[in-house]
Amino acid sequence: MRQVRILEKAAEEAIEAVAWYEQQRPGLGLEFGRVVRGAFDLLGQEIVPLATMPGTAGTREVKRLTLKRFPYDIVVRVSPEEITVIAVAHQSRRPGYWRNRIQPRYLSS
């Protein structure tokens with residue numbers, strides 16, 4: 001099993017989405033939070049298939065786990081040592097905004 005590391009920016013995105021969903025309907029934000037935490041757990045157990053990202057991101061071992069109930073992807077970079085959560089990204093807002101996070105200087109922090 002590889003260690004799962006969550007970048008601070010990705011954690012912030014998840015928290016912001018929880019707050020937004022909770023504002024839309026009480027309890028929905030908590031459900032989103034449970035789904036995201038569950039996805040992180042599945043990543044650590046390495047029991048779910050990850051889809052390769054299109055384009056150059058895919059050549060850098062960037063993959064995604066698509067959430068079923070919510071329009072979000074958990075974007076990760078897979079290395080032999082760990083799985084790094086790069087973003088909790090909405091599927092249709094600001095596509096590719098997280099790409100600068102796959103740079104080695106960003107991942108080493």
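Which residue meets the side chain of Glu82 in a salt bridge? The partner is Arg5, at 3.0 Å from N to O. A salt bridge here is a side-chain nitrogen of Lys or Arg within 4 Å of a carboxyl oxygen of Asp or Glu. Glu82 lies in strand E5 (residues 82–90) and Arg5 in strand E1, so the pair ties together parts that are 77 residues apart in sequence. Helices (H or I, at least four residues) and strands (E, at least two) are DSSP runs, numbered from the N terminus. Glu82 is buried, its relative accessible area being 18%. Buried means under 20% relative accessible area, exposed over 50%, and partly exposed in between, with a 1.4 Å probe and protein chains only.

The model is predicted: local features need pLDDT of at least 70, side-chain atom pairs count only at pLDDT 80 or more, and totals for chains, interfaces and linings use all residues. Residues are numbered from 1 along each chain as its sequence is written, and side-chain values use heavy atoms, with hydrogens and water left out.

Side chains of opposite charge can pair when their charged atoms come close. In this model the count comes to 6 salt bridges. One of them joins Glu46 and Arg2, with the closest N and O atoms 3.0 Å apart. Glu46 lies in the loop between helix H2 (28–45) and strand E2 (51–52), and Arg2 in the segment before strand E1 (3–6), so this pair ties together parts that are 44 residues apart in sequence. Both ends are partly exposed: Glu46 has a relative accessible area of 35%, and Arg2 has 25%. The backbone of Glu46 also deserves a look, as this residue has a positive phi of about 55 degrees although it is not a glycine.

A further salt bridge brings together the side chains of Glu13 and Arg101, at 2.8 Å from N to O. This pair links distant parts of the chain, with Glu13 in helix H1 (residues 8–24) and Arg101 in the loop between E5 and helix H4 (104–107), 88 residues apart. Glu13 and Arg101 are both buried.

Glu13 leads on to the largest pocket, where it is among the lining residues, as are Trp20, Tyr72, His90 and Arg94. A pocket is found on a 1 Å grid over the protein atoms alone, as an open set of points where a 1.4 Å probe fits, with protein on both sides within 12 Å along at least five of seven lines; lining residues have an atom within 4 Å of a point. The space in the largest pocket is about 230 Å³, a volume being the space filled by probe spheres set on the points, which are joined across faces, edges and corners. H1 and E5 are the elements that give two or more residues to this lining, and H1 has the largest share, with 5 residues. By class, the lining holds 7 nonpolar, 1 polar and 4 charged residues. Ala, Val, Leu, Ile, Met, Phe, Trp, Tyr, Cys and Pro count as nonpolar, Asp, Glu, Lys and Arg as charged, and the others, Gly among them, as polar.

Arg94, one of those lining residues, is found in the loop between E5 and H4. Arg94 is exposed, at 56% relative accessible area, and has a positive phi of about 45 degrees although it is not a glycine.

The second largest pocket has about 160 Å³ of space. Of the 15 residues that line it, Met53, Asp73, Pro95, Gly96 and Trp98 are the closest to its centre. Strand E4 (72–78) and E5 each supply at least two residues of this lining.
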